[in-house]
Amino acid sequence: QVQLVESGGGLVQAGGSLRLSCAASGRAFSIWNMGWFRQAPGKEREFVAGISRSGGTTKYADSVKARFTISRDNAKNTGYLQMYSLKPEDTAIYYCAAGRSYSLENGYDYWGQGTQVTVSS
């Protein structure tokens, strides 16, 4: 098992940046793929970005491609989501997740509690 805790959310103006962190504890972080998802009010949770165990492979939703960067530091048991050029439509609760599925877009088994990101226009 792995426990995940997100941090770094907050209120930012459109065009601004934020970096989210996901601290993992429990079973070795390096065995898990890691993903970021978000859920806006009244909408379903959606995939944002995923990164493989080693960090060598990444995948992004089209809506965030070229604006967001996912990364991880296995030595620190921490994953990151760097967000640039934020838009009001990026407003959501952001969740990190860990899993061992072949896919980086789904199949995650463990979830954090989420961190709120609000982008004002």
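Where does arginine 67 lie? Select arginine 67 and you land in the loop between strand S6 (58-60) and strand S7 (68-73); strands here are DSSP runs of E with at least two residues, and helices are runs of H or I with at least four, numbered from the N terminus.

Before moving on, a word on the model. It is predicted, so to speak of local features takes a pLDDT of at least 70 and side-chain atom pairs count only at pLDDT 80 or more, while totals for chains, interfaces and linings use all residues. Residues are numbered from 1 along each chain as its sequence is written, and side-chain values use heavy atoms, with hydrogens and water left out.

**Stop 1: arginine 67.** Buried or exposed? Arginine 67 counts as buried because its relative accessibility is 10%. Buried means under 20% relative accessible area, exposed over 50%, and partly exposed in between, with a 1.4 Å probe and protein chains only. Now show its contacts (heavy atoms within 4.5 Å). Not counting residues up to four places away in sequence, arginine 67 touches Gln82, Met83, Tyr84, Ser85, Leu86, Lys87 and Asp90.

**Stop 2: phenylalanine 68.** Step along to phenylalanine 68, again leaving aside neighbours within four places in sequence. Its contacts include Arg38, Val48, Tyr60, Leu81, Met83 and Tyr94.

**Stop 3: the core.** Of its 35 residues, Trp36, Val48, Phe68, Ile70, Leu81, Met83 and Tyr94 touch the most other members. Among the elements giving two or more residues to this core are strand S1 (2-7), strand S4 (33-39), strand S5 (46-51) and strand S8 (78-83). S9 supplies the largest share, 5 residues.

**Stop 4: the disulfide.** Which cysteines form a disulfide? Pick cysteine 22 and cysteine 96: their sulfur atoms sit 2.1 Å apart, and the cut-off for a disulfide is within 2.5 Å. The structure holds 1 disulfide. This pair links distant parts of the chain, with cysteine 22 in strand S3 and cysteine 96 in strand S9 (residues 92-99), 74 residues apart. The torsion about the S-S bond is about 55 degrees, so the disulfide is right-handed. Both cysteine 22 and cysteine 96 are buried.

**Stop 5: alanine 14.** Finish at alanine 14, in the loop between strand S2 (10-13) and strand S3 (18-26). Alanine 14 counts as partly exposed because its relative accessibility is 41%. Beyond its neighbours within four places in sequence, alanine 14 is in contact with Leu86, Pro88, Val119, Ser120 and Ser121.

Key. A nonpolar core is a set of buried Ala, Val, Leu, Ile, Met, Phe, Trp, Tyr and Cys residues joined through side-chain atoms within 4.5 Å.
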